[in-house]
Amino acid sequence: MSIAANIEQVRERIARAAERVGRRGNAITLVGVSKTFPAAAIREGYAAGVRHFGENRVQEWETKHAQVADLDATWHLVGHLQSNKTRRAARLFHAIDSLDSPSLARKLNDAVAEAEASRLTVLLEVRLSPESTKTGVEAAELPRLAEAVLALSHLNLRGLMTIPPFFDDPELARPYFSKLRELRDELSRRLGRELPELSMGMSHDFEVAIEEGATQIRLGTALFGERKTP
Ligand SMILES: *Cc1c(COP(=O)(O)O)cnc(C)c1O
């Protein structure tokens, strides 16, 4: 199937999942995760109406970005950011969805200032289980990280992100999604400031994530097909 046809199907699935819980499908941002796919795939997605794209490696994105820099899209880093790549990341992305430490936040803030780039949108990646990922902040450390980020004038804290463990049955991911929502609500109250975004849900579990309040879903395979490299 073509990327355009995949996107049309995905949009219907988003709308149905949203409807089940009284939400509107168009309130959910579709982030096309284009890692390992060529710039041409991004153009196809863009032509079909996708306006947010995610990549997980600064290096790979540097090459591809040059080929799609004319598009009026929002570029997200969804993978872990290494501290020696903050300067390049500040120039190449509008949003860092995977911030997970105060020291990285400070480096990133300095890099944005230095590049005289506009304020960078950031989400804090939360690690909700030891088997899911190596990256992400522990829930107990989340308030401290959020407070550190709020003190940095070049970063705009918008919400949380998580990657649950992979389950064949997406229902099993539901507790992780609801946990992220609870953490977001708690943190918003504590900070006295609304954190609107919840980036959660990938190709195999995005409908459950939407039912649990996802505002951004990150889809690779469902839009672009199987990746050849992991
Ligand atoms: C690759 C990736 C995705 C997309 O994964 P699919 O299962 O192909 O939809 C989403 N989020 C992150 C952080 C990724 O690295």
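Modeller: Two strands are said to pair if DSSP finds at least two bridges between them, where strands (E, at least two residues) and helices (H or I, at least four) are DSSP runs numbered from the N terminus. This is a predicted model, in which local features need pLDDT of at least 70, side-chain atom pairs count only at pLDDT 80 or more, and totals for chains, interfaces and linings use all residues. Residues are numbered from 1 along each chain as its sequence is written, and side-chain values use heavy atoms, with hydrogens and water left out.

Biologist: Which residue in strand 5 is the bridge partner of Ala 95?

Modeller: The partner is Thr 121, and strand 4 (residues 95-99) pairs with strand 5 in the parallel sense over three bridges.

Biologist: How many bridges join strand 5 to strand 7?

Modeller: Seven bridges join strand 5 to strand 7 (residues 155-162), and the two run parallel, with Leu 120 opposite Leu 155. Strand 6 (residues 137-138) also runs parallel to strand 5, joined by two bridges, and there Arg 127 stands opposite Glu 138.

Biologist: Why is strand 5 largely enclosed by the rest of the structure?

Modeller: Buried means under 20% relative accessible area, exposed over 50%, and partly exposed in between (1.4 Å probe, protein chains only). Six of the eight residues of strand 5 (residues 120-127) are buried, so the strand is largely enclosed by the rest of the structure.
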